[in-house]
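Here is a short note for a colleague who works with computed structures. Please read each point with the model open.

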Amino acid sequence: MSADHDAALLVLDGVGHRYGERPVLDGISASIRPGECLALMGDNGSGKSTLLRLAVGRERPASGEVRFAGAPVDEDDPATRARIATVMDVGAHYPDLTVREHLMLVAVAHGLGRDADDVVDDMLVEHRLGDHADVFPGRLSSGQIQAMSLAAAFVRPHDLLVLDEPEQRLDARARAELIERLLEHKADGVAILLATHRDDLAGAVADRILVLDRYEAGTPGGDGDGGGDGGDDSAGPGTARPIDASCPAPRPHGGVGEPAPQSAR
Ligand SMILES: Nc1ncnc2c1ncn2[C@@H]1O[C@H](COP(=O)(O)OP(=O)(O)OP(=O)(O)O)[C@@H](O)[C@H]1O
């Protein structure tokens, strides 16, 4: 194991995945240390959300291994759940709980106890939800629901943040605030794994960018030719492979055409 891996909180080691017979990811290696952010980018269907689910132990990889804090990741392990905060499930909320009640539920479940009220109040203000604290989700805009989901992740203790397109449905100001918040988390030693379609978000927050690129049938494992635009859903097996992209200049989608390192460590 490398020194990098020794210090890493999250390690993806040769991770591959398939749905049925269809390969989606192959040989993905990356690691994230405390205070670092790895951004996943790539076309629709390239496997970003799948890799996030593998990273938190929601699904098991078909090959390779995911380790969190030195042990195979297991979402069912309460100790692991206590340290990993996620925003991955679109629309995961209760219709009959107010915004404040959602945040209180998460805060109390994660042991905030007497501090929960104050922390939740701060979080509501930070996410511009103060005026909607006592509103049910059904009366929120889609951007406000996203803000609530982010606030619910931030309100609880965490060492690793895993975010699937956290920018979605946010306006420009909210996106800028999200970037600031993520940078603060990094400064506090939180590790971040996120999938995004926004070059500005990845460029501002990520230490490394892993671009997942589907390629045509018959080229499993990547042959270094870059794979073009990765095709559409009918183009091939949908296997993704990582392409190097180091910050601060995220590679534009399809901006490939050079040898492809198999990891972003
Ligand atoms: N539960 C599933 N069962 C079968 N196939 C799936 C499943 N989830 C995802 N896929 C397929 O796996 C591939 C990768 O999907 P994934 O959602 O990981 O991509 P993504 O990069 O997150 O896409 P997007 O940018 O659109 O969110 C897609 O071809 C998708 O159809």
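Predicted model: local features only at pLDDT ≥ 70, side-chain atom pairs only at ≥ 80, totals over all residues.

1. Ligand shell. There are 12 residues around the ligand, and Y19, N44, K48, S49 and T50 come nearest. Which helix gives the largest share of the shell? Helix α2 (residues 48-55) does, with three residues. By class, the shell holds eight polar residues, three nonpolar and one charged.

2. Helix α4 against helix α5. Helix α4 covers residues 99-109 and helix α5 covers residues 116-126. Their axes are 10 Å apart, and the packing angle is about 130 degrees. An angle between 115 and 145 degrees falls in none of the parallel, antiparallel or perpendicular classes, so α4 and α5 are oblique to each other. The crossing of α4 past α5 is right-handed.

3. Residues of the α4 and α5 contact. On the α4 side, V99, R100, L103, M104, A107 and V108 make the contact.

4. Helix α4 against helix α6. Helix α6 takes in residues 142-154. The axes of α4 and α6 lie 9 Å apart, at an angle of about 25 degrees. Angles under 35 degrees count as roughly parallel, so α4 is roughly parallel to α6. This crossing is right-handed.

5. Residues of the α4 and α6 contact. From α4 come V99, H102, L103 and V106; from α6 come M148, A151 and A152. How do these residues divide by class? Six are nonpolar, one is polar and none is charged.

6. Helix α7. Helix α7 has 16 residues, 172-187. At 1.5 Å a residue it should span 22 Å, and its end C-alpha atoms are 23 Å apart, so the two values agree. G189 follows α7 and has a positive phi, near 95 degrees.

Terms used:
Residues numbered from 1 in each chain as written. Helix = DSSP H or I, 4+ residues; strand = E, 2+ residues; numbered from the N terminus. Expected span 1.5 Å × (residues − 1). Near = placed C-beta within 6 Å. Nonpolar A, V, L, I, M, F, W, Y, C, P; charged D, E, K, R; others polar. Axes fitted to C-alpha atoms, helices over the stretch in contact; angles between N-to-C directions. Parallel < 35°, antiparallel > 145°, perpendicular 65-115°, else oblique. Left-handed = near helix turned anticlockwise from the far one by under 90°. Contact = placed C-beta atoms within 7 Å.
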